[in-house]
Amino acid sequence: MIDPELLIRFPQLSKLDAAAAQRLAEHARPIAAPAGTILARPGEALPHFVLLTKGIVKVRGLSEGGREIVLYRVAAGETCVLSSAALLGHLSLGAELVAETDIAGFALPDSVFQELMATAPAFRQLVFATFGARLHEIVALLEDVAFRRIDTRLAAYLLAQGSARPLSVTHQEIAAELGTAREVVSRQLKEFERRAWVKLTRGQIEIADRDALSQLGAAD
């Protein structure tokens, strides 16, 4: 019998035929990890497919020089497109997977994943359901990095956090979200502070002029 938590988070699994449901129930292994755990690194071959039932996994790209960029996040009830693509193509992973919060889920061996992809339409539909949306997110991110100025992207990022309270975030964390260097973020925040748009304290950023940031963030 398929674990009830799996059926809650992935209702598509209720459409599996009896044989496929039995294979999933027999081989899906419970997993868990605390926040901050590196779940997989670039270049690794993935041994299993994960169905996340709790928490958030951050998917980030890393350069040889140590720069990073957050590509997207996977929440409970979602699948990781890059992991699925790596398994389907028998390729190594092209990104790093990090538990952003405490996570839990079920790991399905690669061999069973391949079998269900080939024989179970409901499982195949679950895997491919998010491909289009995720690819759109990645393309939009690449367009932002390539074509939008860092000041407009930083302004939009600050406003998107949606809180009137000071933001508790480091310059390095912002740099990873925007796909740039920490020094670039620090320099731009200093410029925002000079213009009285933000107030900077150690580990915190307070928005002082939301209107000014909104005008800049909406610029092309």
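Student: Over how many bridges does strand β8 pair with strand β9 (residues 204–207)?

Tutor: This is a predicted model, in which local features need pLDDT of at least 70 and side-chain atom pairs count only at pLDDT 80 or more, while totals for chains, interfaces and linings use all residues. Residues are numbered from 1 along each chain as its sequence is written, and side-chain values use heavy atoms, without hydrogens and water. Helices (H or I, at least four residues) and strands (E, at least two) are DSSP runs numbered from the N terminus, and two strands pair if DSSP finds at least two bridges between them. For β8 and β9, which pair in the antiparallel sense, the number of bridges is four.

Student: Which residue of the turn between β8 and β9 has a positive phi?

Tutor: The two strands form a hairpin with two residues between them. In the turn, a positive phi of about 75° belongs to Gly-203.

Student: Which residues make up the covered face of strand β8 (residues 198–201)?

Tutor: In a regular strand, side chains alternate between the two faces of the sheet. In β8, Lys-199 and Thr-201 form the uncovered face. The covered face consists of Val-198 and Leu-200.

Student: Which are the edge strands of the open sheet of four strands?

Tutor: The strands of this sheet follow the order β2-β6-β4-β5, with antiparallel pairing. Two bridges join β2 to β6 (residues 96–99), and Ile-38 stands opposite Val-98 in β6. The strands that pair on one side only are β2 (38–40) and β5 (68–75).

Student: What is the centre-to-centre distance of the aromatic pair of Phe-113 and Phe-123?

Tutor: Rings of Phe, Tyr and Trp (its six-membered ring) pair if their centres lie within 6.5 Å, with planes under 30 degrees apart counted as stacked, over 60 as edge-to-face and the rest as tilted. Phe-113 lies in helix α4 (residues 110–119) and Phe-123 in helix α5 (residues 121–128), so the pair ties together parts that are 10 residues apart in sequence. The pair is edge-to-face, with 75° between the planes and a centre-to-centre distance of 5.9 Å.

Student: Is Phe-128 buried, partly exposed or exposed?

Tutor: Phe-128 forms an edge-to-face pair with Phe-131, at 5.2 Å centre to centre and 70° between the planes. Buried means under 20% relative accessible area, exposed over 50% and partly exposed in between (1.4 Å probe, protein chains only). Phe-131, at 18%, counts as buried. Phe-128 has 38% relative accessibility and therefore counts as partly exposed.

Student: Which strand gives the most residues to the lining of the largest pocket?

Tutor: A pocket is an open set of points on a 1 Å grid over the protein atoms alone, where a 1.4 Å probe fits, with protein on both sides within 12 Å along at least five of seven lines; lining residues have an atom within 4 Å of a point. Among the 20 lining residues, those closest to the centre are Ile-31, Leu-39, His-48, Val-50 and Leu-97. β1 (29–33), β2 and β3 (48–54) each give two or more residues. The most, four residues, come from β3.

Student: How many charged residues line the second largest pocket?

Tutor: Of its 14 lining residues, Val-70, Leu-141, Asp-144, Glu-177 and Leu-178 lie nearest the centre. Ala, Val, Leu, Ile, Met, Phe, Trp, Tyr, Cys and Pro count as nonpolar, Asp, Glu, Lys and Arg as charged, and the others, including Gly, as polar. The lining has eight nonpolar residues and no polar ones, and the number of charged residues is six.
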